[in-house]
Structure formats: structure tokens, C-alpha cells
Amino acid sequence: MMDEFGRFLEATPAITGEAKEAARTRLLQAIREPVPMSPIPPPKRRRPRRPRLAWRLALAASAALALGAGVLAVRGDEQPATTPVAGVQDLGDKAARSAETDPYEITPSPGRWLYVEQTIAPLRKEPEPEVDRDKRMTLETWHSLDGKQIALDDGRGKLVMEEYGPGVTGADLARAPVTPEEMIARIGASVDATPVTEFDDADATRQERIFRTISQLLGEQPLVADVRAALFRALPMIEGVSVKQDAIDAAGRHGVAFDYTGAWERFEIIVSAQDYRFLGTYGESVADRTFNLPDGATRTVKAGTPLVWSARMTAKVVDKPGDQP
């Protein structure tokens with residue numbers, strides 16, 4: 001499927017200011033409002049919000065990111081690997097070794113924020129979940145280093161903050177011992193203790209929820225090198241994770257991906273085929289699915305519909321929301 005996307009990458013139309021503001025508005029709504037889904041029992045315990053639509057907009061569905069005192073800038077010369085990785089275990093080991101030797105590393109600091117700039121494919125049309133393969137927009141967000149808040153521009157020059165996080169933090173994972181088995185155990189315990197709410201897919205398996213949580217952690221938290229490496233090595237331990245040999249992010253960079261297919265959606269965590277640093281994410285539906293909307297209408301999402309397409313461009317720790325590198 002992703003091989004077909006190359007033809008869209010030569011000339012990407014610029015998004016208008018009006019469309020960019022509309023996209024920000026949709027994102028704010030996604031943080032506050034549930035995606036239409038089948039009714040499920042109300043949660044028994046309060047928890048940080050993890051909206052699925054925001055994940056599909058590439059907020060929570062990100063992958064491994066080398067964080068450092070300097071800006072992490074995009075490279076434009078990513079090409080397909082000349083020698084494919086042998087399998088998901090090989091990919092996990094190579095990505096982990098890259099993380100262990102990555103020069104960009106920070107120590108989480110209370111009160112500071114992680115600035116993230118992404119290029120994403122915006123939603124094609126509300127309330128459809130499909131993203132537009134022909135368009136791109138820049139999305140800037142700020143994530144608190146305690147893993148509990150997100151901030152973004154509301155489109156009118158005002159920063160708004162919302163409760164938002166993966167349920168487990170980099171500090172939680174950094175406690176010894178730091179091993180792939182411990183990463184799975186701690187994240188699994190968080191998943192088990194977190195009731196499924198209207199913001200989640202009620203059909204998602206435990207393995208799928210662990211995969212998504214790892215993606216969010218790696219993309220939005222300041223992780224020390226050994227934690228990042230352990231998370232990479234943990235990905236092949238999740239039942240159902242495989243390799244996509246030639247994946248393409250929203251900036252047109254080729255890479256290789258950790259791939260997970262659930263009951264309704266397939267997700268890719270894309271890393272460079274040369275040095276295994278994070279590039280971006282992709283997700284698409286794998287089966288037809290009908291949703292109930294608040295107004296009583298229904299929408300059917302067809303198999304093969306792209307739901308998220310992102311490219312990580314820049315990330316840097318800053319003093320406060322609104323600061324830029």
C-alpha cells in the first residue's frame with residue numbers, strides 16, 4: 001500500500017491559512033471530544049486522556065525519537081535500504097544499538113517542555129477519519145516533561161493546555177532494571193489498570209494497546225538512551241509485530257517500519273533504513289467499519305483508508321509552551 005504513495009510526493013500543494021486553522025480546531029476538538037464509536041460502559045477510574053483521533057493525527061502514535069540539547073533536523077536523502085533487515089528481531093536490535101550510541105540525550109527536567117514539529121497529512125473532510133494524501137500541514141505541539149499535559153496554538157495565537165499523556169512516563173521506565181521484559185511488564189500493567197473509554201477502540205487487544213503506548217512514549221517523552229533502546233527491543237516481543245521493508249513517511253523519506261495489524265487498523269513506526277533513527281508514522285484501516293455519529297447518522301470507513309501519515313521534523317526541549325528552537 002505505501003509503495004503507491006510515492007507519486008504523491010513530488011509536488012505537495014501548500015495548505016491555506018484557513019485550512020491550517022481548521023485543522024488546529026479539529027485537533028482541539030479531538031482532545032476534548034470522543035471519536036464516534038459503539039457505546040461502551042463508562043470508565044470506573046479517572047485517567048489521563050489519550051484520544052484516538054489525536055493519535056491518528058500523529059500526536060500519540062509517534063515512534064522512537066532521539067532527544068537532545070540540539071535541534072533534530074530532517075534529512076532529505078533517505079532512500080530504500082540496499083539490504084533489507086532480516087526480520088523484526090533484527091530491526092529491533094539495530095534500532096536499539098543506534099539509540100544506545102545516539103549523541104542526543106537529555107535528562108528529564110521538571111517544568112520544561114518538549115517542542116515537537118511534524119509534517120502531517122491533514123484530515124480530508126470532517127467527520128471522516130481519512131487523511132488527505134495530497135496535502136501537508138505543519139503541526140506544532142508542546143509536551144510537558146512529566147508526561148501529563150499537551151499545549152498547542154488554538155489557531156488564534158492563544159496557547160491552550162489539556163491533560164494528555166500515555167499513562168506511564170519516562171521516569172517510570174528508567175527505574176532499574178531497564179530491560180525489554182520490564183518495559184513490557186510496566187507498560188502492560190499501566191494498560192491493564194487503564195479502563196477502555198470512549199476515546200479508545202474497544203476492540204483493541206492488549207498487545208495493540210501496548211504497541212500504541214510504546215509509540216506515544218517514544219514520540220513524546222524525554223527518554224534516556226537505555227530506555228529508548230529497551231523499548232526498541234521490546235517491540236519484537238509484542239505478538240503480531242512484523243517488519244515493513246520499504247515504508248515512506250509524510251515527507252517522502254524511505255525507511256523500514258515496525259508494523260502492527262489489529263482488528264481494524266494497521267500501524268507503522270518508521271525508522272531510517274540507514275541509521276535507524278525515527279522518521280514518522282503511517283496508519284490505515286484494514287477492514288470496512290461503520291461508525292455511529294452523534295447526530296444519528298453513520299459513516300463507513302473502507303479497508304485501505306489512510307488514517308494517519310506523519311513525519312517528525314524537529315524536536316527540542318524548551319523552557320515553556322510557545323517557545324521554539
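Good morning. I begin with strand S2, residues 137-144: six of its eight residues are buried, so the strand is largely enclosed by the rest of the structure. Buried here means under 20% relative accessible area, with exposed over 50% and partly exposed in between, for a 1.4 Å probe and protein chains only. Strands (E, at least two residues) and helices (H or I, at least four) are DSSP runs, numbered from the N terminus.

Please note that this is a predicted model, in which local features need pLDDT of at least 70, side-chain atom pairs count only at pLDDT 80 or more, and totals for chains, interfaces and linings use all residues. Residues are numbered from 1 along each chain as its sequence is written, and side-chain values use heavy atoms, with hydrogens and water left out.

Let me turn to the pairing, which requires that DSSP finds at least two bridges between two strands. Strand S1, residues 113-120, runs antiparallel to S2 and is joined to it by eight bridges; Val 116 has Thr 141 of S2 as its bridge partner. S2 is also antiparallel to S3, residues 149-153, through two bridges. Trp 142 stands opposite Ala 151 in S3, and His 143 has Ile 150 as its bridge partner there. Four residues separate S2 and S3 in a hairpin, where Gly 147 in the turn has a positive phi of about 75 degrees.

S3 continues to S4, residues 159-163, with five antiparallel bridges. Asp 153 stands opposite Leu 159 in S4. This hairpin has five residues between its strands, and Gly 155 in the turn has a positive phi of about 95 degrees.
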